[in-house]
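Hello,

Here is the structure I promised to pass on. Could you look through it and then read my notes below?

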Amino acid sequence: MPRVELSSLEQLEQSVGAQLAVSDWVEVTQQMIDKFAEATGDHQWIHVDAARAKRESPFGTTIAHGFLTLSLLSRFLNDAVIFGGSKLGVNYGLNRLRFTAPVPVGSRLRARFAVKELEHIEGGAQITWDVKVEREGTAKPVLVAEWVTRRYT
């Protein structure tokens, strides 16, 4: 997908109420899942034991951690939007979050970003995003969130 280039926060503010960007697809590999399990200490078999997941899981394979899917939001946003006119961005939190479907290993995901609200703060802006993470080949999103970030100029 082509990246959206923003030259200012004012330009971002003009996008309030509309979809701004769609990220490129990212494949969720077993290596990603295993590295995430190692980093977080979450080694539940449904994520890391392919043989057991094939035998016992209702999904027939390993699935990504919900928090791995969530952690990809920064990657998706950086893939989709170039924030000219600001020098840094930070996560500020989530107002709501749902993991609405599993992410089997080998899935390809992408995110759709809509600007819900932009509030000017000292030194920049606070942006509330409506985000949907889609799994290729399925109609139901795997994650829906209202994500809050801040950009500083």
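Contact here means heavy atoms within 4.5 Å. Leaving aside neighbours within four places in sequence, V133 is in contact with T69, L73, F76, L109, R110, A111, P141, V142 and L143.

A word on the source: this is a predicted model, in which local features need pLDDT of at least 70 and side-chain atom pairs count only at pLDDT 80 or more, while totals for chains, interfaces and linings use all residues. Residues are numbered from 1 along each chain as its sequence is written, and side-chain values use heavy atoms, with hydrogens and water left out.

V133 also belongs to the largest nonpolar core, where L12, F76, W129 and V133 touch the most other members out of 35 residues. (Such a core is a set of buried Ala, Val, Leu, Ile, Met, Phe, Trp, Tyr and Cys residues joined through side-chain atoms within 4.5 Å; buried is under 20% relative accessible area, exposed over 50% and partly exposed in between, with a 1.4 Å probe and protein chains only.) Helix 5 gives this core its largest share, seven residues. Helices (H or I, at least four residues) and strands (E, at least two) are DSSP runs numbered from the N terminus.

Helix 5 packs with helix 2 at an angle of about 100°, the axes being 10 Å apart. Those axes are lines fitted to C-alpha atoms, for helices over the stretch in contact, and angles run from 0 to 180 degrees between N-to-C directions. That makes the two helices roughly perpendicular, a label for 65 to 115 degrees (under 35 is roughly parallel, over 145 roughly antiparallel, the rest oblique). M32, I33 and F36 in helix 2 meet F67, L68, S71 and L72 in helix 5.

Now the aromatics. Rings of Phe, Tyr and Trp (its six-membered ring) pair if their centres lie within 6.5 Å; planes under 30 degrees apart are stacked, over 60 edge-to-face and the rest tilted. By this rule there are four aromatic pairs. The ring centres of F67 and F99 are 5.8 Å apart with planes at 85°, so this pair is edge-to-face. F67 sits in helix 5 and F99 in strand 5, 32 residues apart. F67 is exposed, at 54% relative accessible area, and F99 partly exposed, at 39%.

F83 and W129 are also edge-to-face, at 6.4 Å and 75°, and both are buried. F83, F113, W129 and W147 form one aromatic cluster.

Best wishes
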